[in-house]
Amino acid sequence: MNVNQINAYLERAREIIGKRSREEIDYDDAVVANLSTGMDIKKSIASANQKYPSEALKPNAEHWGDLTARYRYIAEHKAIITRLGIKE
């Protein structure tokens with residue numbers, strides 16, 4: 001992967017993930033960490049809600065699919081930037 005491809009990927013990832021505060025990043029990292037231990041999305045979010053109540057999500061039934069996709073994407077993104085040695 002060349003520098004232009006990496007920069008294009010990072011730009012697109014920022015668009016998809018969106019601008020997040022430090023607290024939002026910490027919350028998202030907690031959800032991703034929970035998922036990596038084998039928790040399902042509902043338990044992962046419930047656990048992160050306990051740890052970060054100010055960022056707690058309270059999704060409706062129709063949001064679980066989107067949240068699952070979002071956190072899978074964030075997990076894959078974290079793995080990619082780790083492999084590339086990039087700190088965001």
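A polar contact is a pair of N or O atoms within 3.5 Å. I keep that cut-off at hand for the side chains below.

**Entry 1: the whole chain**

I am working with a predicted model. Read from the N terminus, the order of elements is α-α-α-α. I then looked up the extent of the C-alpha trace, which spans about 40 × 25 × 25 Å along its principal axes. The chain has 88 residues, and 26% of them are buried. I also checked contacts between residues at least 6 apart in sequence. Of these, 59% join residues at least 24 apart.

**Entry 2: α1 against α4**

I turned to helix α1, residues 3-17, and helix α4, residues 64-84. Their axes come within 11 Å and cross at roughly 150°. Angles over 145 degrees count as roughly antiparallel, so α1 and α4 are roughly antiparallel to each other. I noted a left-handed crossing where α1 passes α4.

Which residues of α1 meet α4? I listed Ile6, Tyr9, Leu10, Ala13, Ile16 and Ile17 on the α1 side. On the α4 side I listed Arg70, Tyr73, Ile74, His77, Ile80, Ile81 and Leu84. Sorted by class, this contact has 11 nonpolar residues, one polar and one charged.

**Entry 3: Tyr9**

I set aside its neighbours within four places in sequence. Tyr9 is then in contact with Tyr73, His77 and Ile80. Next I looked at the side chains of Tyr9 and His77, which are joined by a polar contact of 2.7 Å. For another view I compared Tyr9 with Gln50, 41 residues apart along the chain. Their C-alpha atoms are separated by 33 Å.

**Entry 4: α2 against α4**

Next came α2 and α4, which pack at an angle of about 90° with axes 10 Å apart. Angles from 65 to 115 degrees count as roughly perpendicular, so α2 is roughly perpendicular to α4. From α2, the contact uses Tyr27, Asp28, Asp29, Val31, Val32 and Leu35. From α4, it uses Arg70, Tyr71, Ile74, Ala75 and Lys78. I sorted these by class as well: seven nonpolar, no polar and four charged residues.

**Entry 5: Asp28**

Asp28 sits in helix α2, residues 22-36. Is Asp28 buried or exposed? Its relative accessibility is 5%. Buried means under 20%, so Asp28 counts as buried. I then looked for its partners, not counting residues up to four places away in sequence. Asp28 touches Arg20, Arg70, Tyr71 and Ile74. With Tyr71, there is a polar contact between the two side chains at 2.6 Å.

**Entry 6: α2 against α3**

My last pair was α2 and helix α3, residues 41-51. Their axes come within 8 Å and cross at roughly 135°. That angle makes α2 oblique to α3. The crossing of α2 past α3 is right-handed. Tyr27, Ala30, Val31, Asn34 and Leu35 of α2 take part in the contact. The α3 residues are Ile41, Ser44, Ile45, Ser47, Ala48 and Asn49. By class I wrote down seven nonpolar, four polar and no charged residues.

Definitions and conventions: Residues numbered from 1 in each chain as written. Predicted model: local features only at pLDDT ≥ 70, side-chain atom pairs only at ≥ 80, totals over all residues. Heavy atoms only, no water. Axes fitted to C-alpha atoms, helices over the stretch in contact; angles between N-to-C directions. Helix = DSSP H or I, 4+ residues; strand = E, 2+ residues; numbered from the N terminus. Parallel < 35°, antiparallel > 145°, perpendicular 65-115°, else oblique. Left-handed = near helix turned anticlockwise from the far one by under 90°. Contact = heavy atoms within 4.5 Å. Nonpolar A, V, L, I, M, F, W, Y, C, P; charged D, E, K, R; others polar. Polar contact = N/O pair within 3.5 Å; in protein donor to acceptor, adjacent residues only side chain to side chain. Buried < 20%, exposed > 50% of the residue type's maximum accessible area, 1.4 Å probe, protein only.
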